[in-house]
Amino acid sequence: MNSSSTSNDGDFSPAADQSTLKPESLTRRSFLGVLLGFGTVVVGAALSVPLIRFALHPLLTKTTEIGWADVGNIGEFASLTAPVKKFIRVEQLDAWRKIVSEKPIYVLPMKNGLPRILSPICPHLGCSVPWNEAKQEFLCPCHGAVFAEDGARLSGPAPRAMDELESKVENAMVKVRYQYFRQLIPTKEVLS
Amino acid sequence: MAMADPDKPQEKATFARGPWQRLYNWLDVRTGIGSLLHEALDEPIPGGARWAYVFGSVLLFLFISQTITGICLALYYVPSADSAHTTVAYIVKQVTGGSFLRSVHACGSSAVVIVLLLHLTQTYLYGAYKGRRELLWISGCVLFALMLAMAFTGYLLPWDQKAYFATTVGTNMAADVPLIGSWLKRFMRGGNEMGTLTLSRFFVAHVFVLPAILIAFIATHVYLFRKAGAAGPPSEDPVRPRLPPQRFYPRQVVMDTIVALLMILVLALLSHISPTELGPKANPADTQYVPRPEWYYLPIFQWLKYWQGRYAVIGIVVVPALTAVLLVCVPFIDRRLERRPWRRPIAVGVFLFILVCFVVMGLMSIRDDRRDPSIAMQVAKQREETERFMGEPFEPAPAISSLAAANVALADPLAAAGKKIYEDQSCSACHGENGIGTNAGPKLTGAAAQKSPEELSNVLRHPTAKMTAGEMPPVDVSDEDLKALVAYIKSLK
């Protein structure tokens, strides 16, 4: 647009027309072309590595997870004779957000020096199952599912026993990993 | 077209039957890529390629780099006063390569300013604005201003102490503009004070408005440059070049590429060795903080110190405006076709004078800060705070919705008692934790909590037909407990 002598305002044209340009030796031109193209691809690929790693960060590392929540000192549960309801603070990480919520759980009397922890969520339709002191049973208020002291299924519509939560003891502190499980199926399956 | 190009008989002979040539021909017939490449690469440069001409291409390259890194940063950034700092901390401390990428973007902005100044200086000293290149020059001036605006708006986005207070000073200056000053300041801030609206505005300017205008002006600038043609060395006639020209490709392309690669290398090394730091979150209540702008604004910062009180408007508005007008009008003032700098003593003298003033003023600003012990101490303290913050592990921000509802209830003992009943009665099984609702039952927040206590007690004791159909049982607790339960539901609003 700027180099040809046919430019509109006639007087505005470089003295040298395209055809009088002294071209570089043609083999050199194409050799450089290949070199430049190759170099661009290599450098471009090298540069895109940090970009791709950055963009794929959520896939390469866990950004959403539920950590371990404190239940209480192990001494608190040493002399339990019946399930006791406790509230735990569950911290869920969603990238830079921390979602804090209170969840009820049941701590069962210890067995082999380790407390067992049940989720109160009924495996039938997800109602919260309270411990019935008088009957010494877990009784679901919604559809009448009945569970034993250790969470085993006794009667009613529930397809399986109450779900046990993963727990551990660290420095005399009982910790639990709060999870949800799929309802209405006979096997315990974690909902992710 | 490529086939018909008389310049390339040898290439034709070597590649004509090769698959690459066939692909190229196929594309060329459909896209005209041959003439595009010819247009882009065979630009004649009077007098041949030179290292002095690389700055424009390097700027274009830096702009692309800033765009790509900027888009990547936006993947994790949230522009609100609540989240901005947390998300940038997340990028710096958590995201793979986040600190590096943010540094490339931040150092890239400094690189843009440096290369812009070099580009401007080269163009000016070579008199390359002469010979019907007024619009080319003006579009370059506009690009300069836009880039400075990009730097200014981008600086606030991390919402750390440095960003917050530097921008407070920057927007305060706008208030000194005659007539519209206070309005302009409020327009920039989205109100009287700095806040989340300021951040939104700066974000929108930095990410949507300014880049769009920049791209338009870059296109204009490149088009006008190609229209006028390369000016060549200072001895060349700016309108009718006489020196034997050389094509843009390959020599100039190779030079441009080498400098661009060096640029990447410097940026990457700098970002790797000393990544840009993030300070503690902005604390508007901090009255001690000594804000200092980025290095390229230091001369202006120093200049403004001398203009306080009644005559501030001269220093803040009149002189900078006159300088800007002078810069824009250069091609109209210096109209002779003479380009050699030693034959243009006034033009070059004024330029160098302004340049030296800028450098001296920047240095004076640094010297002033070092000499004043109270400022030096505060600056050192701010450094320490930044170092400390960088050393701390990433702290996720609590989601606002999560504990708020629970805490509201706990403020009122009756409601707190009600919360216990709510959980004991397994109300949460259907109505959800803190009454947020589940598939099995409606939420209690909002509408339900708006009902009067009497109404609520009544439906809890005697559910309506619709409620019963949804398997809501009558609540069987003492009157006192029911009162507490109602108080709890009322607190859920």
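Reply: One definition comes before the rest: two strands count as paired if DSSP finds at least two bridges between them. The model is predicted.

Me: Over how many bridges do S2(A) and S11(A) pair?
Reply: Strand S2 covers residues 68-73 of chain A, and its pairing with S11(A) is antiparallel. Within this pairing, A:Gly72 stands opposite A:Val174 of S11(A). The number of bridges between S2(A) and S11(A) is 5.

Me: Which residue in S11(A) is the bridge partner of A:Ser167?
Reply: Strand S10 (residues 164-170) of chain A runs antiparallel to S11(A), and 5 bridges join them. For A:Ser167, the partner in S11(A) is A:Val176.

Me: Which residue in the hairpin of S10(A) and S11(A) takes a positive phi?
Reply: The hairpin has 2 residues between its strands. A positive phi near 50 degrees is found there at A:Asn171.

Me: Which residues of S11(A) form its covered face?
Reply: In a regular strand the side chains alternate between the two faces of the sheet. S11(A) spans residues 173-177, and its uncovered face holds A:Met173, A:Lys175 and A:Arg177. The covered face is made of A:Val174 and A:Val176.

Me: Which strands stand at the edges of the open sheet of 4 strands in chain A?
Reply: The sheet has the order S6-S7-S8-S9, with antiparallel pairing. Each edge strand has a single partner, so one side of each is left without a neighbour in the sheet. The edge strands are S6 (131-132) and S9 (153-155).

Me: In S8(A), what is the bridge partner of A:Leu139?
Reply: S7 (residues 137-139) and S8 (residues 146-147) of chain A pair in the antiparallel sense over 2 bridges. The partner of A:Leu139 in S8(A) is A:Val146.

Me: What percentage of the residues in chain A is buried?
Reply: A residue is buried if 20 or more other C-beta atoms lie within 10 Å of its own. Chain A has 2 helices and 13 strands. Of its 192 residues, the buried share is 22%.

Me: How far apart are the centres of the two domains in chain A, taken over C-alpha atoms?
Reply: Domain 1 of chain A is 24-58, and domain 2 is 64-191. Their C-alpha centres are separated by 57 Å.

Me: What distance separates the end C-alpha atoms of H17(B)?
Reply: H17 of chain B has 12 residues, 413-424. At 1.5 Å a residue it should span 16 Å. The distance in the model agrees with this, at 17 Å.

Me: Within what arc do the buried residues of H17(B) fall?
Reply: The buried residues are B:Ala415, B:Gly418, B:Lys419, B:Tyr422 and B:Glu423. Seen down the helix axis, they line one face of H17(B), because they fall within an arc of 135 degrees.

Me: Where in chain B is confidence lowest?
Reply: Chain B has a mean pLDDT of 88, with 93% of its residues at 70 or more. Confidence is highest in helix H10 (residues 196-228), at 97. The lowest mean, 46, belongs to helix H1 (residues 9-15).

Me: How many contacts does the stretch of residues 1-14 of chain B have beyond near neighbours in sequence?
Reply: The pLDDT over this stretch is below 50. Beyond near neighbours in sequence, its contacts in the model number 14.

Me: What ipTM does the model score?
Reply: The pTM of the model is 0.79. Its ipTM is 0.79.

Notes: Residues are numbered from 1 along each chain as its sequence is written. Chains are lettered from A and ligands numbered from 1 in the order in which they are written. This is a predicted model: local features need pLDDT of at least 70, side-chain atom pairs count only at pLDDT 80 or more; totals for chains, interfaces and linings use all residues. Domain bounds come from an automatic or database domain assignment. The expected span of a helix is 1.5 Å times one less than its number of residues. A residue is buried if 20 or more other C-beta atoms lie within 10 Å of its own, exposed if 12 or fewer, and partly exposed in between; C-beta atoms are placed from the backbone. The arc is that of the directions from the helix axis to the C-beta atoms. pLDDT is the predictor's confidence in each residue, from 0 to 100. Two residues are in contact if their C-beta atoms, placed from the backbone, lie within 7 Å.
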